[in-house]
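Here is a briefing on one protein chain.

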Amino acid sequence: MDPLSSVSEELAEINGQVADLFRALSKGFQNLEKIKDVNRQSRQLEELTGKMRECKRLIKEFDKEVKDVESRNDLDTNKMLNEKKQSMVKELNSYVALKKQYATNLENNKRVDLFDGPNEELHDNNVLLASSMTNQQIMDHGNQMMDETDQAIERGKKVVQDTVNVGRETAEALKAQTEQMSRIVNELDSIHFSIKKASKMVKEIGRQVATDKCIMALLFLVVIGVIAIIVVKTKLHGHALIVCCLVW
């Protein structure tokens, strides 16, 4: 029975998961030594790196759980838990160092393959083929390889030129769009200025109309006053005639 179970079921479960991952890592690195293909080695190393990340996450959970139950445990139990955590960290660090070593070796192998060629067997076949050819055939084969190389270079130049052309066209399109946006901004500024000017004119017209209404009202009052005066004078004149007639 796992002694951690008496302390915490959570700690015991995490310890079991970490132990399973350590066994998988040990087996994975053993299998990695048997793999000769560089690409397969790279994939295997990525899988092992993922397992190491999971181990790191579980060890952090283990440490958090240890701190949560620390106040309920005695000194010996806490010492045992800390030693267990340190053991996990130490074993994980050993696998991390092993992974770095394999990654360095893998990078060196890739560089060797890049300079030596993709396939040693094909290179050996080419050597055997060259040994069975005459000098003229070797020269013809060499010329053919140079022609193929020249064609490959020309194709590369064409790709580069096409890329440059696409980049130039993209730059010109961006420049045209930038100029168009600048024109739009200028037009919007002009429209805004025109709207402000029109608003000001409308206010002035409104004030002028209000002034005209006041003048018309005053004229109307003057006309009413004149009419009233005429009416009053007419009435007074009529009363005067009546009085004169009576006196007569």
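E61 and R57 join their side chains in a salt bridge, N to O at 2.5 Å. A salt bridge here is a side-chain nitrogen of Lys or Arg within 4 Å of a carboxyl oxygen of Asp or Glu. By this rule there are five salt bridges. The model is predicted: local features need pLDDT of at least 70, side-chain atom pairs count only at pLDDT 80 or more, and totals for chains, interfaces and linings use all residues. Residues are numbered from 1 along each chain as its sequence is written, and side-chain values use heavy atoms, with hydrogens and water left out.

- E61 and R57 sit four residues apart in helix α2 (residues 38-69), so about one helical turn separates them. Helices are DSSP runs of H or I with at least four residues, and strands are runs of E with at least two; both are numbered from the N terminus.
- E61 is partly exposed, at 32% relative accessible area. R57 is also partly exposed, at 37%. The classes are buried (under 20% relative accessible area), exposed (over 50%) and partly exposed in between, with a 1.4 Å probe and protein chains only.
- K67 pairs with D63 in a salt bridge, with 3.5 Å between the closest N and O atoms. Both residues lie in helix α2, four residues apart, about one turn of the helix.
- K67 is exposed, at 55% relative accessible area. D63 is buried, at 18%.

- K85 counts as buried, at 17% relative accessibility.
- Salt bridges with shared partners join E54, R57 and E61 into one network.

- T49 belongs to helix α2. T49 is buried, with a relative accessibility of 13%.
- The T49 side chain reaches the backbone oxygen of L45 at 2.8 Å.

**Spans annotated in UniProt**

- An unreviewed UniProt entry lists residues 38-72 as "coiled-coil region". UniProt positions follow the numbering used here, feature names are shortened, and annotations may be inferred rather than shown by experiment.
- In the model, residues 38-72 are 91% helix and 0% strand, with end C-alpha atoms 52 Å apart.
- The unreviewed entry gives residues 215-232 as "transmembrane region".
- Residues 215-232 are 100% helix and 0% strand, and their end C-alpha atoms lie 25 Å apart.

**Nonpolar surface patch**

- L218, F220, L221, V223, I224, I227 and V231 make up a nonpolar patch on the surface, together giving about 650 Å² of accessible area.
- Patch residues have over 30% relative accessible area and no salt bridge; like charges are joined within 9 Å, and nonpolar side chains (Val, Leu, Ile, Met, Phe, Trp, Tyr) within 5 Å. Areas come from the Shrake-Rupley method with a 1.4 Å probe, and for residues only the protein chains shown count as cover.
- V231 lies in helix α5 (residues 135-247). V231 is partly exposed, at 37% relative accessibility.

Technical notes: A polar contact is a pair of N or O atoms within 3.5 Å; within protein, one must be able to donate a hydrogen and the other to accept it, and residues adjacent in sequence count only if both atoms are side-chain atoms.
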